[in-house]
Amino acid sequence: MEVNHFIFALISLSCLFSVSANVPPPLSNASSPASSELYDMMEVMSESPSPFAFDGTTLESIDDLLSILPSGVDPALQQICGNTDHPVECIIATMPFLDGNAPIEPLSVLKAGIKAMDNQTKDALAEVTRLSMDPTTPKTIVPILQTCIDVYNNILNSDQKSLEAISNHNLVQLSTELGANVEIVLGCDNAFKQAKLESPMKDMDAMLANIISNTLTIGVDMVHF
């Protein structure tokens with residue numbers, strides 16, 4: 001069943017990418033069926049054993065998946081994202097934020113990744129703020145949610161510093177800010193774990209963590225001023 005679900009999700013991925021150059025969907029638009037299938041696909045890929053079979057092709061790794069992505073995805077973007085730990089998430093996250101007038105290179109993809117990180121963080125911040133203000137939320141949970149609010153605000157602040165570092169061609173500051181986010185993003189989930197509770201933000205945090213990981217890889221390993 002999971003393999004069939006993966007195949008259906010992959011077909012949705014192909015359809016989405018075929019038109020995303022013109023009208024890219026919001027990264028966290030949960031109301032979009034295609035977007036939902038993309039997240040389902042990522043979940044299945046992370047939880048199910050490989051290999052997967054698709055259209056007679058055995059997909060044993062993420063590289064195999066990237067090799068059958070539709071031509072709507074620029075090969076340069078595929079190559080850059082293919083060198084990150086989360087290539088599919090890299091493509092999905094950065095495509096809506098790429099400047100169509102700029103060449104696709106590590107620096108432009110990094111900027112798009114930071115914008116995607118910022119967007120995902122703002123969505124997470126809006127959600128956790130809503131939960132903290134919901135009268136049905138147990139009062140014992142509110143302080144934990146406040147920790148999450150602090151986490152997301154810290155990431156947003158770091159995003160701005162990262163963009164400033166890019167403008168100033170400061171690789172040391174850029175690496176510092178991107179690296180700090182790797183630890184910062186764990187704060188919300190860790191707060192819930194310490195309380196022996198499951199975080200309502202875990203799915204959004206997981207996607208955010210993947211974006212952060214990818215931006216760090218691109219910023220440290222691929223960008224040169």
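Visitor: Before we start, which pLDDT do local features need here?

Guide: Residues are numbered from 1 along each chain as its sequence is written, and side-chain values use heavy atoms, with hydrogens and water left out. This is a predicted model, where totals for chains, interfaces and linings use all residues and side-chain atom pairs count only at pLDDT 80 or more, while local features need pLDDT of at least 70.

Visitor: OK, helices then. Are α6 and α10 roughly parallel or roughly antiparallel to each other?

Guide: Helices here are DSSP runs of H or I with at least four residues, and strands are runs of E with at least two, numbered from the N terminus. Helix α6 covers residues 106–133 and helix α10 covers residues 202–222; they pack at an angle of about 155°, with their axes 9 Å apart. Axes are lines fitted to C-alpha atoms, for helices over the stretch in contact, and angles run from 0 to 180 degrees between N-to-C directions. Under 35 degrees counts as roughly parallel, over 145 as roughly antiparallel, 65 to 115 as roughly perpendicular and the rest as oblique, so α6 and α10 are roughly antiparallel.

Visitor: How many nonpolar residues does the contact of α6 with α10 have?

Guide: Contact means heavy atoms within 4.5 Å. On the α6 side the residues include V109, L110, I114 and M117, and they meet a set in α10 that includes M207, L208, I211 and I212. By class (Ala, Val, Leu, Ile, Met, Phe, Trp, Tyr, Cys and Pro are nonpolar; Asp, Glu, Lys and Arg are charged; the others, Gly among them, are polar), the contact of α6 with α10 has five polar residues, two charged ones and 14 nonpolar ones.

Visitor: And α6 with α8: is that crossing left-handed or right-handed?

Guide: The axes of α6 and α8 come within 13 Å and cross at roughly 40°, so the two helices are oblique to each other. A crossing is left-handed if the near helix is turned anticlockwise from the far one by less than a right angle, and right-handed if clockwise. For α6 and α8 the crossing is left-handed.

Visitor: Which residues in α8 do L110, I114 and M117 meet?

Guide: Those three sit in α6 and face α8 across the contact. That contact of α6 with α8 has five nonpolar, one polar and no charged residues. In α8, the partners are L174, L178 and N181.

Visitor: N181, then. Is N181 buried or exposed?

Guide: N181 is in helix α8, residues 171–184. Leaving aside neighbours within four places in sequence, N181 is in contact with M117, I155, S158, D159 and I212. Buried means under 20% relative accessible area, exposed over 50% and partly exposed in between, with a 1.4 Å probe and protein chains only. N181 has 0% relative accessibility, so N181 is buried.

Visitor: On to the cysteines. How many disulfides does the whole structure have?

Guide: A disulfide here is a pair of cysteine sulfur atoms within 2.5 Å. With the bonded cysteines of the protein chain numbered in sequence order, the pairing is 1-2, 3-4. The search of the whole structure gives two.

Visitor: Is the disulfide of C81 and C90 left-handed or right-handed?

Guide: The sulfur atoms of C81 and C90 are 2.1 Å apart. C81 is buried at 0% relative accessibility, and C90 is buried too, at 3%. The torsion about their S-S bond is about -60°, so this disulfide is left-handed.

Visitor: What about C148 and C188: how many residues apart are they?

Guide: Their sulfur atoms are 2.0 Å apart, and the S-S torsion is about 75°, so this disulfide is right-handed. The pair links distant parts of the chain, with C148 in helix α7 (residues 142–167), C188 in helix α9 (residues 186–194), and a separation of 40 residues.

Visitor: Last one, on the backbone. What is phi of K196?

Guide: Most residues other than glycine have a negative phi. K196 lies in the loop between α9 and α10 and is exposed, with a relative accessible area of 75%. H169, in the loop between α7 and α8, has a positive phi near 55°. K196 is not a glycine, yet its phi is positive, at about 60°.
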